[in-house]
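User: Could you walk me through this model? I'd like to start with the overall fold and then go into the packing.

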Amino acid sequence: MKLLALSRRPAQAIDLSERDRRLVWRVAALLLDYPSEQTVELTAQLIAAAMQLPSAIHAGLLEFLYHFRGANLLQLQANYVETFDMRRRASLHLTYYAYGDTRKRGMALLRFKHAYRQAATGIGDGELPDYLPLVLEFAAMIDQVQGERLLVEHVPVLELLRLSLQDSGSVYAGLLTAILATLPPISTADRRRIAELAAQGPPDEEVGLEPFAMDPLTAGGRR
């Protein structure tokens, strides 16, 4: 991991309206989920929506969408699995970076579950509540205050994911850049946390962890 890549992110978050931030979250939620025919069919609408955003933020979204529009669905799905399911440092589950599949992760997941419960929102039995597309959709469509709080709490994880995707040359990095531009700039404390997470990597699994020891190809809220 090239931590010097932190300097490649814009120094300040972009000044966006509430509507624009929610639009970024909604578009990113759809594009970070497992590619489907339905999402492919929405590509033209998503491009039109992204074009409404300030140029400083829509570049990464449009780059991804043009790539998405021109690719075969099976290729998109294979790339998604290779990007997010085969690399521990590119997990879309926000608590995984700090806790892996250990028992301590259960307490971290409760924060997400509590936010959803307060908003009277349920999630499927096969979904983990820290799945980034789910959190983004929650912030965009259901409870902006609580959803944004969860995102802000995990800015170091989001930046670490962005760095991992950027270092691997993934087009998905632009989506993380757009998401981070809607949140407060990285602080000194965030940078320390990013360095810690990058150095440690996700902890190993603990034997006997039933709720969270899931197959990487079936975990999450997308399949």
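Analyst: Helices (H or I, at least four residues) and strands (E, at least two) are taken as DSSP runs and numbered from the N terminus. On that basis the protein chain has 12 helices and 0 strands, and from the N terminus on its elements run α-α-α-α-α-α-α-α-α-α-α-α. Please keep in mind that this is a predicted model, in which local features need pLDDT of at least 70 and side-chain atom pairs count only at pLDDT 80 or more, while totals for chains, interfaces and linings use all residues. Residues are numbered from 1 along each chain as its sequence is written, and side-chain values use heavy atoms, with hydrogens and water left out.

User: What share of the protein chain's residues is buried?

Analyst: Of its 223 residues, 50% count as buried, where buried means under 20% relative accessible area, exposed over 50% and partly exposed in between, with a 1.4 Å probe and protein chains only.

User: And how many aromatic pairs are there?

Analyst: A search of the whole structure finds 7; rings of Phe, Tyr and Trp (its six-membered ring) pair if their centres lie within 6.5 Å, and planes under 30 degrees apart count as stacked, over 60 as edge-to-face and the rest as tilted. One of them is the tilted pair of Phe 64 and Tyr 172, with 4.7 Å centre to centre and 50° between the planes.

User: Which pair does Tyr 80 form with Tyr 172?

Analyst: Tyr 80 and Tyr 172 form an edge-to-face pair, at 6.0 Å centre to centre with 75° between the planes. Tyr 80 belongs to helix 5 (residues 73-85) and Tyr 172 to the loop between helix 10 and helix 11, so this pair joins parts that are 92 residues apart in sequence. Tyr 34, Phe 64, Phe 68, Tyr 80, Phe 84 and Tyr 172 form one aromatic cluster.

User: Switching to helix packing, how do helix 1 and helix 11 cross?

Analyst: The axes of helix 1 (residues 18-32) and helix 11 come within 10 Å and cross at roughly 155°, the axes being lines fitted to C-alpha atoms over the stretch in contact, with angles from 0 to 180 degrees between N-to-C directions. Helix 1 and helix 11 are therefore roughly antiparallel, since angles under 35 degrees count as roughly parallel, over 145 as roughly antiparallel, 65 to 115 as roughly perpendicular and the rest as oblique.

User: Which residues make the contact?

Analyst: Taking contact as heavy atoms within 4.5 Å, Val 24, Ala 28, Leu 31 and Leu 32 of helix 1 meet Leu 175, Leu 176, Ala 178 and Ile 179 of helix 11.

User: Is helix 8 buried or exposed?

Analyst: In helix 8 (residues 132-141), 8 of the 10 residues are buried, so this helix is largely enclosed by the rest of the structure. The buried residues of helix 8 are covered by elements including helix 1, helix 7 (104-118), helix 9, helix 10 and helix 11.

User: How do the axes of helix 8 and helix 9 cross?

Analyst: They come within 7 Å and cross at roughly 145°, helix 9 being residues 144-153.
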